[in-house]
Amino acid sequence: MRIERIALSGFRNYDEETVQFGPDVNVICGPNAQGKTNLLEAVYLLTGAHSFRTRFDKELIGFDCGWASVLADIDSDGRTQTVRLLFQRGQRRQVTVNGVKKTSSSLAGLMTAVLFSPDDLYLIKEGAAARRRLMDNAISQLRPGYAALLSDYNKLYENKTRILKDRYDKPSLLTALDEFSDGLARCSARMIRYRASFVERLAGAAAPIHWDFSGGREELGLVYKTVSTVTDPRAPVEDIYAQIMDHQRAHRQAELDAGACLTGIHKDDIEISVNGASARSYASQGQARTAALSIKLAEREIFKAETGQYPVLLLDDVLSELDMTRQEFVLNRIGGGQTLITCCEDEDISRRTGGRVFSVREGHIR
Ligand code: ATP
Ligand code: MG
């Protein structure tokens, strides 16, 4: 899997710019605020996922532009596919593959990418939202069905939250509450199975990487956590649905009192441990960084196992935040696929990776 060429029009701070990437390591360098992360964001969007920086497509459109587009040639399994994304204010994004209209979620599998950004260094210590994002971004790329479920779930969640919030002003809304709760439970039941199986694979792939990384001293554990009444997240969907409905009924009054959804997969988490102790509570900074890196590298291995090709690896500004040993560990493990690395100064990284260097200045790439 690799991206051969990308052309940006009106995208963030890019007016009109085209880049031809090399098949191995590509170093994207330049001072702050020039467009390095914007370029990685454009590449990441080709996976069909949301941006890793915003939920709102309108933010991707250049300040002075009416629309933005990202056009790319992707080599997938030796075949070149041309993907075009069009973002227009107030409209849904339009996706075409080789000129044929598609849905965003159907890009899953066509182009896969694993992103490692400075935020991921906090994957272990921060709240559960970062770990849910990890699951959602990865599974959405591998399973079009999951991406569609996630989008349905978010819509149902927003509607139910509005009912719970506005019910004093508009009591008639309450008649629809149970219908939305049921819809959320059905979506949750199916998503729980996807998430449970992904975390199980991630745990299996991350543990040996972390073990190597820590010089054979640390065992990394990952366990999926979901709605408390669900006894087995790999059970048949109908069983999980029934258990979520039990939770739902038990918390109906509490939801009305709180004016918020209390049952569903929007509170899921991955419990991460190092040598049996909760990483969130006890891991040192260094252990947390090592664990975060191991998890990201594991994600890359899962994509490879699943699609037969390494995903495009996007490393945004992370090397400068890692010490030399960790930098070397990452650089030694990124072979085999295409990598785009951003950094502020080029010489050292390009020398160490032997990569092709692109210089970014005010939305222009050389
Ligand atoms: P750093 O090294 O600080 O991370 P960077 O090169 O990664 O910098 P980017 O995040 O790519 O910088 O942002 C480059 C510039 O793009 C910023 O100045 C930002 O304000 C600008 N920018 C972001 N969104 C838009 C937009 N929709 N329209 C125009 N400019 C934008
Ligand atoms: Mg940046």
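Reader: Why is E41 called buried in this model?

Author: The model is predicted. Buried means under 20% relative accessible area, and E41 has 0%, so E41 counts as buried.

Reader: Which residues are linked with E41 in a network of salt bridges?

Author: R12 and R53 are linked with E41 in that network. R12 also has a place in the hairpin of β1 and β2, where it takes a positive phi near 45°. Two residues lie between the strands of this hairpin.

Reader: How do you know that β1 and β2 pair?

Author: Pairing requires at least two bridges between two strands. Strand β1 (residues 2-11) and strand β2 (residues 14-20) have six, so they count as paired. Their sense is antiparallel. As one of the bridges, L8 has E17 in β2 as its partner.

Reader: How many salt bridges does the structure hold, and what makes R131 and D269 one of them?

Author: The structure holds 22 salt bridges. For R131 and D269, the closest N and O atoms are 2.5 Å apart; the limit is 4 Å, so this pair is a salt bridge. R131 is in helix α2 and D269 in strand β10, 138 residues apart, and the pair links distant parts of the chain. Both R131 and D269 are buried.

Reader: What is the bridge partner of D269 in the sheet?

Author: D269 in β10 is the bridge partner of K225. Six bridges join β9 to β10 (residues 269-274), and the two strands run antiparallel. At least two bridges are needed, so β9 and β10 count as paired. Helix α2 (residues 128-142) packs on the sheet, touching β9 and β10, and its direction makes about 105° with that of β10. Helix α4 (residues 177-213) also packs on the sheet and touches β9 and β10; its direction makes about 175° with that of β9.

Reader: Why are β9 and β11 called edge strands?

Author: The open sheet has three strands in the order β9-β10-β11, with antiparallel pairing. The strands β9 (220-225) and β11 (277-278) each pair on one side only, and are the edge strands.

Reader: What makes E200 and R234 a salt bridge?

Author: Their closest N and O atoms are 2.7 Å apart, and the limit is 4 Å, so the pair counts as a salt bridge. E200 lies in helix α4, while R234 lies in the loop between β9 and α5 (237-250), 34 residues apart. R234 has a relative accessible area of 41%, between the limits of 20% and 50%, so R234 is partly exposed.

Reader: How do you know that K36 makes a polar contact with ligand 1?

Author: A polar contact is a pair of N or O atoms within 3.5 Å. A polar side-chain atom of K36 lies 2.7 Å from an oxygen atom of ligand 1, so the pair meets that limit. A backbone N or O atom of E59 lies 3.0 Å from a nitrogen atom of ligand 1.

Methods
Residues are numbered from 1 along each chain as its sequence is written. Chains are lettered from A and ligands numbered from 1 in the order in which they are written. This is a predicted model: local features need pLDDT of at least 70, side-chain atom pairs count only at pLDDT 80 or more; totals for chains, interfaces and linings use all residues. Side-chain values use heavy atoms; hydrogens and water are left out. Helices (H or I, at least four residues) and strands (E, at least two) are DSSP runs, numbered from the N terminus. Contact means heavy atoms within 4.5 Å. Axes are lines fitted to C-alpha atoms, for helices over the stretch in contact, and angles run from 0 to 180 degrees between N-to-C directions. A salt bridge is a side-chain nitrogen of Lys or Arg within 4 Å of a carboxyl oxygen of Asp or Glu. Buried means under 20% relative accessible area, exposed over 50%, partly exposed in between (1.4 Å probe, protein chains only). A polar contact is a pair of N or O atoms within 3.5 Å; within protein, one must be able to donate a hydrogen and the other to accept it, and residues adjacent in sequence count only if both atoms are side-chain atoms.
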